[in-house]
There are 2 protein chains.
Amino acid sequence: MPKIFIKNRNKAIEYMPDKDLLQLLLENEVFVDNPCNGKGSCGKCKIRFLEGKLPAISETEEKFLKQEEIHAGVRLSCLVIPQEDITIEILQKERKHEILTKGYLPEFHFHPAIHKEVFQIEKPTLEKQDSFEDALCAALGIQKLDWRLLQQHEITYGKVTGVFHGEDLIGIESGDTTDSLYGIAIDIGTTTVVAALIDIKTGEELAIASMINPQKQFGLDVLTRITYELENPKDAKEKLQHVIVKGINEMIEDLCSQSQIDRSSIYEIVIAANCTMMHFLLGIDATSIGKSPYAPVFVKSKNILARDIGVKAAQGARLYCLPSVSSYIGADIVAGAYVCQLHRAKENILFIDIGTNGEIVLSNHGKLLSCSCAAGPALEGMNIICGMRAAEGAIEDVKISKKGIELKVIGSEEPAGICGSGILAAVKELLRIGLVKKDGAFIKKEKLEESDYRYGMLQVDGKKRTFILKDGAEELFITQGDVRQVQLAKGAILSGFYALLNQANIAMQQLDKVMIAGQFGAHLPAESLVGTGILPEEVKEKIVYVGNSSKTGAYMALMSVEVRKEIEALANKMDYMELGASEGYERLFTRCLLFSS
Amino acid sequence: MPKIFIKNRNKAIEYMPDKDLLQLLLENEVFVDNPCNGKGSCGKCKIRFLEGKLPAISETEEKFLKQEEIHAGVRLSCLVIPQEDITIEILQKERKHEILTKGYLPEFHFHPAIHKEVFQIEKPTLEKQDSFEDALCAALGIQKLDWRLLQQHEITYGKVTGVFHGEDLIGIESGDTTDSLYGIAIDIGTTTVVAALIDIKTGEELAIASMINPQKQFGLDVLTRITYELENPKDAKEKLQHVIVKGINEMIEDLCSQSQIDRSSIYEIVIAANCTMMHFLLGIDATSIGKSPYAPVFVKSKNILARDIGVKAAQGARLYCLPSVSSYIGADIVAGAYVCQLHRAKENILFIDIGTNGEIVLSNHGKLLSCSCAAGPALEGMNIICGMRAAEGAIEDVKISKKGIELKVIGSEEPAGICGSGILAAVKELLRIGLVKKDGAFIKKEKLEESDYRYGMLQVDGKKRTFILKDGAEELFITQGDVRQVQLAKGAILSGFYALLNQANIAMQQLDKVMIAGQFGAHLPAESLVGTGILPEEVKEKIVYVGNSSKTGAYMALMSVEVRKEIEALANKMDYMELGASEGYERLFTRCLLFSS
């Protein structure tokens with residue numbers, strides 16, 4: 001088999017010449033950015049070609065690539081189907097979180113709900129005209145089956161394979177099909193949806209697909225979507241459900257074509273998501289989540305027929321939704337707490353998922369207490385004047401010194417905006433060099449000497465003070481309002497942090513570990529988190545990043561019924577503290593707004 | 001309350017002035033023909049008005065009625081909404097079977113699967129943010145509920161009514177709705193579908209609707225429809241299901257508007273049907289029923305969510321399908337056998353449903369043996385040169401004497417054709433007066449004297465002999481081929497009859513009762529059945545007509561879970577004899593072809 005050598009990763013991949021280069025790289029865990037999912041329409045999946053023979057450059061590539069890139073050997077990996085040994089260079093930097101999403105997975109025994117068995121079904125005769133259903137039940141030694149199995153299948157006798165979900169027959173297939181047994185683990189985030197195709201026989205992850213949650217057309221965050229539902233009682237529920245199901249079906253198709261398997265061999269899909277996304281997915285009214293007293297319609301796990309919500313897989317495929325705790329502690333957090341084995345902890349652990357909503361779970365030697373705080377979207381680069389999502393061109397790190405401002409830009413391009421980790425780093429630096437005070441206000445420019453290296457960085461327009469990040473034609477800057485956004489996020493998260501510790505009567509020094517979950521959280525370095533005071537200085541050395549523990553939890557539930565039971569027990573046992581209803585919270589929040597060093 | 005006096009029935013009906021006259025009559029078991037279901041489009045529901053005040057005659061009535069009818073006081077009952085005491089005359093003859101369809105109903109205790117209970121659901125608070133699902137389960141003392149309940153309902157707290165199917169919650173309604181509790185009993189025949197709306201609280205039949213099975217577009221009989229399915233594997237199953245479900249939905253709408261109730265108050269639908277119709281209804285492949293060894297896909301009862309096949313009633317409404325025994329002993333026969341309490345008989349009873357397929361069940365002191373015989377459609381007036389269905393203008397009885405031929409025509413109109421009971425009566429008469437011989441052949445005309453009253457009735461064209469039923473412009477006649485069709489039906493039914501007796505070792509004189517089921521069978525008088533030898537002379541005095549026992553069985557199952565269990569047990573216990581596979585059957589059939597007296 002020919003090989004792909006990746007020079008700057010010191011890695012070689014053997015491959016069957018058939019797929020495009022992007023697919024081959026992704027399947028081998030070499031991440032290349034591909035917002036359009038390899039459809040050749042975004043021009044982002046660039047790699048540099050060094051040695052060997054590639055097909056001639058296509059028109060589409062010529063359209064997307066600059067002349068100097070073409071000369072340097074840059075190609076779009078989704079448009080290249082290699083045939084022989086080649087050597088390439090990955091242009092995107094390997095970012096920490098991409099490794100971390102894989103990282104955290106406790107050991108567990110595989111015992112999936114789905115399994116197959118081969119049977120013989122006796123053919124009827126004139127003397128024994130047994131119905132197919134009766135012959136099937138007799139062969140399988142069962143009393144009853146879901147009538148809808150009879151509706152779909154073709155009548156088949158002789159050797160058949162029964163597909164079981166626990167004790168329940170969910171499929172009958174001609175011949176011996178025990179070789180094909182797949183499932184999907186999905187994490188539905190408000191912003192991003194990630195799905196992994198799993199070989200249930202081995203537990204191997206065969207392919208990954210991701211997409212922006214298509215519900216974004218109805219609002220970027222949970223509350224906007226709920227408001228949309230409130231304002232469109234006639235069909236919002238159906239529309240919200242429709243787009244996410246359609247998206248999932250497209251991801252399934254993508255996963256299947258990546259791995260050359262048929263969707264009819266996918267028998268179970270396990271979903272982790274926040275409580276609102278879970279309501280939307282099942283077509284259940286989520287409006288009560290948006291208003292006090294914030295009681296959702298359901299939190300329990302759901303075990304349903306995938307096609308009952310329109311998800312296309314095997315005819316009898318099941319869909320298992322992990323349980324939530326409350327409106328704002330969803331199945332994603334429950335999954336994460338399980339993956340981090342918080343319920344078994346013999347120490348004090350704080351688990352944080354930082355996003356528009358910050359969810360925090362405190363494990364006091366296995367006793368779980370959670371809360372949720374409205375951090376706002378600043379840490380995701382939103383509601384910031386020059387903000388953008390973490391994509392190419394986003395400033396992801398900022399260093400300020402006497403020599404000036406040093407920016408780190410995703411994709412090493414011209415900076416186009418600042419993403420969450422960037423704004424956080426910037427605020428940390430502004431605090432460090434004293435341009436922003438403890439109360440969050442910029443210092444007055446007149447307090448600086450003109451010779452001070454910071455003097456030129458502050459721009460004053462009347463009473464408005466702005467920090468200039470990048471000068472020139474496409475100016476980038478940070479306003480007082482931007483700092484306030486970060487300050488609000490800090491106040492929300494830190495007060496949640498303290499409220500939990502107070503409630504559990506645990507002192508800061510008794511805290512043994514702080515686990516940061518979520519693909520997004522993984523982008524926020526400990527220096528920034530502690531430097532801005534989102535997390536207290538004392539925990540700096542105790543921070544661990546656990547990646548997308550929501551998807552990992554879905555994966556574990558797919559591969560083990562015991563894990564499901566334990567996750568359900570964990571959700572039942574986890575206490576939830578409604579911060580707004582807890583005494584003294586307002587005071588605590590105000591105190592936490594201060595940048596305290 | 002005002003009254004309707006029906007002079008020629010000696011009957012008075014009290015009524016609330018609101019409904020049209022047709023509805024009032026039908027609800028009070030006074031049958032008036034109404035092929036268009038009271039839509040004012042067929043002009044058949046004529047009655048004669050004698051005394052009292054009626055609204056002025058409408059344009060539609062003027063269109064349908066002749067001038068002399070209008071003068072005589074004839075009105076279309078569906079277009080008249082009476083307000084005070086009136087006296088009318090029913091114009092259609094009261095026909096025996098219409099009473100009989102109601103007649104046979106054994107006593108039983110009401111214990112419907114569906115029931116309602118009122119609960120209080122606690123409102124959530126900030127301190128107790130329980131999900132609606134959890135609050136509901138707590139209020140109802142249940143552990144789990146069907147997730148789809150959460151999908152549809154509006155969240156409601158305080159006083160709610162839970163709708164239960166057995167132990168399962170199938171609906172939640174705001175406030176106390178225990179007053180509204182309805183169900184539907186349906187008999188799906190290959191030709192006709194009949195549905196009755198039942199008040200589950202009282203067992204009362206509130207309204208009836210019927211229609212021609214809309215699957216007729218895919219073939220008039222079971223085998224043609226199965227052939228259609230075989231030849232159109234891509235979408236026949238869906239189409240066959242679609243039209244019957246659509247038809248049922250229309251009947252439900254009709255029943256609801258007749259009774260002014262909302263379809264969301266219909267919680268269960270019970271279906272009796274032959275095995276093929278049941279497969280079509282559930283969208284299950286019926287092709288195996290059409291070919292040896294005639295094993296269906298299923299026979300067991302089915303308890304499903306009505307909306308899973310598209311039937312529109314309450315969101316969580318159930319649909320219960322009665323069990324079959326085999327491909328050709330369907331749930332309609334099982335229901336009939338139950339209604340006739342064959343399984344409890346302390347004597348020997350033969351139950352016959354005469355139709356295109358004749359199904360026979362023998363109860364030997366409660367031990368049940370069944371068979372099915374392909375009688376062909378002759379007894380339903382089909383495959384007969386001048387044949388027609390039993391509708392207005394159809395000859396339903398024939399008497400031949402020296403004075404000539406006396407015809408009885410449905411609706412007392414000019415005869416337009418001959419229906420099943422007519423052809424049977426004619427053949428009986430032809431046998432009686434010796435124009436048809438034991439072997440089924442017409443006698444040679446030259447054997448008759450010219451003075452014989454029968455001489456003119458036989459027409460000879462070459463070797464073809466024809467019996468002239470009605471002379472003149474629109475001639476009606478019976479051919480040798482027509483007689484052969486009746487002969488085949490006779491051979492099929494009688495041989496089934498004997499085969500069962502032989503198998504059970506019961507002599508003719510040991511037979512205590514012969515029960516004739518089906519709206520169609522009720523039209524065939526004992527004289528004709530015995531006169532043509534379809535049934536032996538010995539049973540003439542033992543014949544009882546039980547009407548549409550299939551619908552009655554569905555009604556009983558709707559009103560009692562114990563009945564369901566007993567019906568299921570009965571279906572399990574009933575033996576089935578495949579005539580084609582039984583020894584000596586060919587010889588028996590040939591012998592039974594002879595008209596033996």
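This is a predicted model: local features need pLDDT of at least 70, side-chain atom pairs count only at pLDDT 80 or more; totals for chains, interfaces and linings use all residues.
1. Copies are superposed by least squares on the C-alpha atoms of residues with pLDDT of at least 70 in both. Chain A can be laid on chain B with an RMSD of 0.7 Å, by a turn of 180° and a shift of 0.2 Å along the axis. The two copies are therefore related as by a two-fold rotation axis. Within chain A, D308(A) has the C-alpha nearest that axis, at 4.7 Å from it.

2. On the interface between the copies: 34 residues from chain A and 34 residues from chain B take part in the contact. On the side of chain A that touches chain B, two or more residues each come from helix 5 (132–140), helix 6 (147–152) and strand 13 of chain A. By class, the residues on this side of chain A are 17 nonpolar, 9 polar and 8 charged. Of the interface residues of chain A, 100% are also interface residues in chain B, so the copies meet through the same surface.

3. On the division into domains: chain A consists of domain 1 (3–92), domain 2 (114–174), domain 3 (183–321) and domain 4 (341–548 + 568–597). The bounds come from an automatic or database domain assignment. Taken over C-alpha atoms, the centres of domain 1 and domain 3 of chain A are separated by 31 Å. The contact between these two domains takes 4 residues from domain 1 of chain A and 6 residues from domain 3 of chain A. The side of domain 1 that touches domain 3 in chain A has 1 nonpolar, 2 polar and 1 charged residues.

4. On one helix pair in chain B: the axes of helix 7 (residues 222–231) and helix 8 (residues 236–259) of chain B come within 8 Å and cross at roughly 135°. Angles over 145 degrees would count as roughly antiparallel and 65 to 115 as roughly perpendicular, so helix 7 and helix 8 of chain B are oblique to each other. In this contact R225(B), Y228(B) and E229(B) of helix 7 meet A236(B), K237(B) and L240(B) of helix 8. By class, the contact of helix 7 with helix 8 in chain B has 3 nonpolar, no polar and 3 charged residues.

5. On peptide geometry: most residues other than glycine have a negative phi, and most peptide bonds are trans. Against that background, a cis peptide bond joins S292(A) and P293(A), with omega about 5°. P293(A) lies in the loop between helix 9 (275–282) and strand 13 (302–305) of chain A. In chain B, a cis peptide bond joins S292(B) and P293(B), again with omega about 5°. P293(B) is placed in the loop between helix 9 (275–282) and strand 13 (302–305) of chain B.

6. On positive phi values: Q260(A), a residue other than glycine, has a phi near 55°. Q260(A) sits in the loop between helix 8 (236–259) and strand 12 (266–273) of chain A. A residue is exposed if 12 or fewer other C-beta atoms lie within 10 Å of its own; Q260(A) has 11 such neighbours inside 10 Å and therefore counts as exposed.

7. N505(A) is not a glycine either, and has a positive phi of about 60°. The loop that holds N505(A) runs between helix 12 (480–504) and strand 24 (513–517) of chain A. N505(A) counts as exposed because it has 8 C-beta neighbours inside 10 Å.

Methods: Residues are numbered from 1 along each chain as its sequence is written. Chains are lettered from A and ligands numbered from 1 in the order in which they are written. Helices (H or I, at least four residues) and strands (E, at least two) are DSSP runs, numbered from the N terminus. A residue is buried if 20 or more other C-beta atoms lie within 10 Å of its own, exposed if 12 or fewer, and partly exposed in between; C-beta atoms are placed from the backbone. Two residues are in contact if their C-beta atoms, placed from the backbone, lie within 7 Å. Axes are lines fitted to C-alpha atoms, for helices over the stretch in contact, and angles run from 0 to 180 degrees between N-to-C directions. Angles under 35 degrees count as roughly parallel, over 145 as roughly antiparallel, 65 to 115 as roughly perpendicular and the rest as oblique. Ala, Val, Leu, Ile, Met, Phe, Trp, Tyr, Cys and Pro count as nonpolar, Asp, Glu, Lys and Arg as charged, and the others, Gly among them, as polar.
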